[in-house]
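Here are some notes for a first pass through this structure. Keep the 3D view open and take the points in order.

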Amino acid sequence: MTSTLDTLLTEREKDLHLGILDEGAKREIRRATLTAVCVPGYQVPFGSREMPVARGWGSGGLQVTLGVIGADDTVKVIDQGDDAGVNATNLRRMIAATTGCAGTADTREATIVQTRHRVPEERLREGQVLVLQVPVPEPLRGVEKSVVECARMHAEGDYSAMWVSLYEDLVRNGMITRTTGYPVLVGGRYVLATTPIPRWDVPRLHESEHLSLFGAGREKRIYAIPPHTDVRPLTFDDVPFEVEHAPGARCVLCGSDDVFLVEAGTTGAYACSDTEWCARVREGDADTEAHHARAPLHLLPDPSARLRAPATTTARPGRPRPVLPEGQDWALRVDGLGKVFGPGAADAVPGTGPEHGTAISPATGAIVAAWDVSFDVAPGEALGVIGESGSGKSTVLGCVIGDEQATTGAVRLAALDEGRTDLLTLPGDARRRLRVDSMAVVHQNPAAGLDLRVTAGGNIAERLTAAGWRSYHDIRRRAAELLDRVEVPLTRMDDPVRTFSGGMRQRVQIAKALATEPPVLLLDEPTTGLDASVAAGVLDLLRGLLAERDIAAVVVSHDFAVIEALTDRTLVMQLGRVVERGLTDQLFHDPHHPYTQRLVAAARR
């Protein structure tokens with residue numbers, strides 16, 4: 001009876017081989033795998049249909065294994081650390097039967113090890129391949145839901161949100177509690193999640209002799225860690241990375257205390273997660289001395305070191321404040337800026353503007369939102385840009401920031417190449433990097449500049465980690481200093497910003513904008529939507545901050561009272577054009593243009 005059943009199963013497995021992974025799918029997987037090996041840590045998409053396998057078998061890992069295995073290989077399959085379970089046994093048998101390779105339960109004999117949870121306790125050597133099946137390959141999934149935004153963050157190496165998640169974990173728990181899927185930086189470039197392997201195994205990926213391949217079937221992604229690749233767990237310089245450990249725990253079967261242990265069912269009892277290693281230790285067929293030497297025992301938890309502030313503060317990263325070239329007295333300069341929404345570019349401009357009473361081009365139907373706008377701002381000076389809705393002031397600010405692509409003109413920062421480079425010629429990622437420590441923005445709606453799910457300190461930590469700060473305690477001190485300066489109670493530092501009032505959110509946004517001491521600050525309607533008393537407090541705060549710091553500020557508002565309170569000089573815009581400019585006090589007390597006169601009259605009511 002058993003012989004007949006074995007024959008039937010073998011025939012069934014051969015039939016499955018024809019439908020599980022055809023040669024075209026194998027080629028697709030191999031191409032993706034080669035790319036992944038060439039770009040360590042990068043998630044390579046591949047085209048392949050879902051595999052008709054049992055739930056829990058891990059189609060991603062199985063696809064990779066079947067794509068790279070050959071008849072001369074020997075395969076070992078681990079399921080949750082066990083290679084004798086039903087899933088592991090059936091997978092090993094199916095792989096061997098459908099490819100002609102040999103199967104084994106001995107890590108030393110295997111050329112390919114497919115696993116769902118563990119890196120074997122036995123050290124993998126050169127020439128061996130570790131295939132890990134991945135349920136959720138995107139390490140940013142927990143901090144960013146947009147697939148497009150995740151792709152941008154990977155492309156630009158922008159992992160500040162991941163650092164903030166670690167910061168928040170430390171704030172809440174006094175330690176980083178993340179276990180499986182701990183994020184690592186591969187080759188100093190890409191962050192990846194280490195699948196559902198425990199933290200105990202993370203150090204084994206660093207400079208390993210073997211090749212690690214990660215396959216996510218549902219997500220259709222493959223990524224790799226080639227041999228001898230630098231793999232570092234994300235952790236703050238002053239908060240050590242730790243592996244799982246229960247003090248005094250030993251395996252109840254083999255007595256090992258230098259392995260990854262799991263609860264053995266009996267209260268307080270533990271056993272080796274890697275059942276093969278445990279059996280070999282009991283049989284005396286394991287090099288326990290070599291294993292002990294490479295076990296991550298130096299990474300065992302040390303509660304006293306987790307949040308112990310260093311005796312000295314590390315040097316703060318970031319760029320030094322630029323020294324203006326001789327004869328140059330501006331920090332920000334805008335020349336002939338123009339923005340046309342629609343066809344025609346410069347050909348759309350005739351027939352538009354205040355003298356024609358419209359921003360809509362009679363020739364092309366395009367909207368000339370701004371045209372021929374020029375100004376500069378000196379360090380320590382605040383420039384106002386005022387106008388009603390539709391005047392073009394917010395469009396000008398959007399072009400300076402990089403949220404809008406200007407049709408014509410030039411924007412220069414003294415902090416960048418001493419003002420020689422036109423920001424409008426830079427790619428989007430370079431423009432975004434400038435917002436970290438060269439040009440900060442305070443938005444009208446605080447939700448545009450803050451993550452409302454994150455604490456006040458965490459929002460400031462986002463800006464600081466993006467600028468390269470890696471000391472948890474330095475970040476905490478800097479966040480507390482800034483929040484205190486903007487009069488946010490330090491008792492609220494670790495509260496989510498969503499619990500704050502509108503005025504307090506705006507104060508947190510101002511603190512975040514100033515975190516890296518940018519030489520240029522752009523404020524877009526900073527008090528709109530706030531109650532009068534709250535707005536007055538924010539204006540007092542901004543006035544004091546601008547007076548004490550050598551910052552060049554541009555303040556955009558429709559409210560002349562805001563412009564009068566904060567700025568030294570002002571541009572007045574109407575229908576996309578600058579209709580008047582001068583000292584703010586002069587414009588307020590002696591406006592010449594009829595449009596400016598109406599704005600001043602409205603402010604005096």
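1. A quick term before we start: two strands count as paired if DSSP finds at least two bridges between them. With that in hand, look at β13 and strand β16 (residues 408-413), which run antiparallel and are joined by 5 bridges. To find the spot on screen, go to L332, which stands opposite L413 in β16. Bear in mind throughout that you are looking at a predicted model.

2. Stay with β13 for a moment. Strand β13 covers residues 332-341, and it also pairs with strand β14 (residues 367-377), in the antiparallel sense and over 7 bridges. As background, strands of a sheet pair through backbone hydrogen bonds, and the pairing can be parallel or antiparallel.

3. Next, a sheet to trace by eye. In what order do the strands of the open sheet of 6 come? The order is β17-β18-β19-β15-β20-β21, and the pairing is mixed. At the edges sit β17 (439-442) and β21 (577-583), each of which pairs on one side only. From one strand to the next, the twist averages 15°.

4. Within that sheet, pick out strand β15 (residues 382-386) and strand β20 (residues 569-574). These two pair in the parallel sense, over 4 bridges. Then bring in helix α18 (residues 594-604), which lies across β15, β20 and β21. Relative to β20, α18 runs at about 110°.

5. Now for a helix pair. Helix α3 (residues 59-68) packs with helix α4 (residues 86-99) at an angle of about 30°, and their axes are 11 Å apart. Since angles under 35 degrees count as roughly parallel, that makes α3 roughly parallel to α4. The crossing of the two helices is right-handed.

6. Which residues make the contact between α3 and α4? From α3 come L62, T65 and L66, and they meet L91, M94, I95, T98 and T99 in α4. Sorted by type, the residues of this contact are 5 nonpolar and 3 polar, with no charged ones.

7. Most residues other than glycine have a negative phi. H228, in the loop between β9 (221-225) and β10 (231-233), has a positive phi, near 60°. L575, in the loop between β20 and β21, also has a positive value, with phi near 50°. As for accessibility, H228 counts as exposed because its relative accessibility is 51%, and the cut-off for exposed is over 50%. L575, at 23%, counts as partly exposed.

8. Finally, is E122 buried or exposed? E122 is buried, because its relative accessible area is 16% and buried means under 20%. You will find E122 in the loop between β4 (112-115) and β5 (129-133). Leaving aside residues up to four places away in sequence, E122 touches T107, R108, W277, R280 and R294.

Definitions and conventions
Residues are numbered from 1 along each chain as its sequence is written. This is a predicted model: local features need pLDDT of at least 70, side-chain atom pairs count only at pLDDT 80 or more; totals for chains, interfaces and linings use all residues. Side-chain values use heavy atoms; hydrogens and water are left out. Axes are lines fitted to C-alpha atoms, for helices over the stretch in contact, and angles run from 0 to 180 degrees between N-to-C directions. Angles under 35 degrees count as roughly parallel, over 145 as roughly antiparallel, 65 to 115 as roughly perpendicular and the rest as oblique. A crossing is left-handed if the near helix is turned anticlockwise from the far one by less than a right angle, and right-handed if clockwise. Contact means heavy atoms within 4.5 Å. Ala, Val, Leu, Ile, Met, Phe, Trp, Tyr, Cys and Pro count as nonpolar, Asp, Glu, Lys and Arg as charged, and the others, Gly among them, as polar. Buried means under 20% relative accessible area, exposed over 50%, partly exposed in between (1.4 Å probe, protein chains only).
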